[in-house]
Amino acid sequence: MRTFLHISLLLTTTLAAPAQDAVGHPISPWQPGTLDIHQISTGRGNAGLYILPDGTTLLVDAGELPHKTPAHTPDRPDSTRPAGERIVRYIRHALAHDPQPALDYALVTHFHDDHMGGPSDKSPTAVGGAYKLTGLTQVGESLKITRLLDRGWPDYSYPQPLDNAATKNYCAFVKWQTEHRGLKVERFVPGRNDQVVLCRDAKKYPSFQFRNVGANGEIWTGEGTATRKYFPPLDTVPRAVWPHENLCSISFRLSYGKFDYFNGGDIPGIVPKGRPSWWDVETPVARAVGPVEVAILDHHGYVDTQNEFFIRTLRPRVWTLSVWDQHHPTAGVWERLQSVQLYPGPRDIFATDLHPENQKAIPGIDKLASRAGHIVLRVASGGESFRVVIVDDSAESWHVTKVFGPYPTS
């Protein structure tokens, strides 16, 4: 009896201990109570897998550019499989603790190829024949998705009907999956904190919250569930300045104890000359979100993002950058990210795959904490601290190349 109790205690202690990741070894499995956020590196777009403290799963974007140019880095780990399939394989490995890996939620921040997948003449057709397999549609064909959130459902008509090839393919996927596989689809509603919730043991983790911040120009005020319409009515502005797709991106804040994380899709914050001031979406979003521990760069760090107010207000300890293009980030964005005048103290910046041309063109870019690999945030139980684990993206070995932290939360 005493031996049995000793073994039981040992197993309980082992299961409760935080994951320890060592360079040169495969990344350790997710453990209950831990929040894992994986930024998956494919060389063709954004894909983020979130494993919430009770094991609830969320996929944020699953991009696949249909074509590559010299401005892009090579596919990761290589081009023998499409990006959608690589994402599926990564998810299956990360969810190996689950005998039937699946996604409780998928969220599409906006309707661009590098966030949801764009079909090409090489894209295979789904088994049902209704759509092509690319990015998210490949993921949904291979893994069960229970609930899908986007900014456009059910009519996909704002600010005008979305009729490009990628969105048409996505809509065909949504229609077929809802009719044949029971997929539930909802429009993402700013201000709410009940659209993404813990599905398996919510009572055990009361400090977890997923807050919808913005979409389609409607932005949370930061109080209760109240929002305000930031974009003017379309009939009051010239069609030439109607909001484009990036302006309409979904943004959200995830909180776990004292840990806060922000994702703004591709929202811009720098207004081009001649455009209205409301093209700066970052500023009202930042007012609602406030300081965070970690943020992913808006629009991959492109020239129209990371304005001074946004950086000063969020002031994260860690920035992550999903990148595969030589224009991401731009020199001005990098300079602002480094500015201790905007906010004091250290900050570490991690990139999935920095283009070699950027390494030559941007002074100080060598200060990146990591310039290549899958980026995994591992937030300790209760949100008291977090680590950053870099996983090799040159092969599907899942080996750790670097470990940073622990970083305290505040």
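Predicted model: local features only at pLDDT ≥ 70, side-chain atom pairs only at ≥ 80, totals over all residues.
Reader: How many salt bridges does the count come to?

Author: Side chains of opposite charge can pair when their charged atoms come close. A salt bridge is taken here as a side-chain nitrogen of Lys or Arg within 4 Å of a carboxyl oxygen of Asp or Glu, and by this rule the count comes to 22. In one of them, Asp 75 pairs with Arg 44, with the closest N and O atoms 3.0 Å apart. This pair links distant parts of the chain, since Asp 75 is in the loop between β3 (57-62) and α2 (83-94) and Arg 44 in the loop between β1 (35-39) and β2 (47-51), 31 residues apart; helices (H or I, at least four residues) and strands (E, at least two) are DSSP runs, numbered from the N terminus.

Reader: Are Asp 75 and Arg 44 buried or exposed?

Author: Buried means under 20% relative accessible area, exposed over 50%, and partly exposed in between, with a 1.4 Å probe and protein chains only. Both Asp 75 and Arg 44 are buried. Arg 200, whose side chain meets that of Asp 98 in a salt bridge at 3.6 Å, N to O, counts as partly exposed because its relative accessibility is 41%.

Reader: Which aromatic pair is tilted, and at what angle between the planes?

Author: Rings of Phe, Tyr and Trp (its six-membered ring) pair if their centres lie within 6.5 Å, and planes under 30 degrees apart count as stacked, over 60 as edge-to-face and the rest as tilted. The count comes to 16 aromatic pairs, among them the tilted pair of Phe 231 and Trp 278, at 5.2 Å centre to centre with 50° between the planes. Phe 231 counts as buried because its relative accessibility is 8%, and Trp 278 counts as buried at 11%.

Reader: Why is the pair of Phe 350 and Phe 404 edge-to-face?

Author: The ring planes of Phe 350 and Phe 404 stand at 75°, with centres 4.9 Å apart, so the pair is edge-to-face. Phe 350 is in strand β14 (residues 348-351) and Phe 404 in strand β17 (residues 400-408), 54 residues apart.

Definitions and conventions: Residues numbered from 1 in each chain as written. Heavy atoms only, no water.
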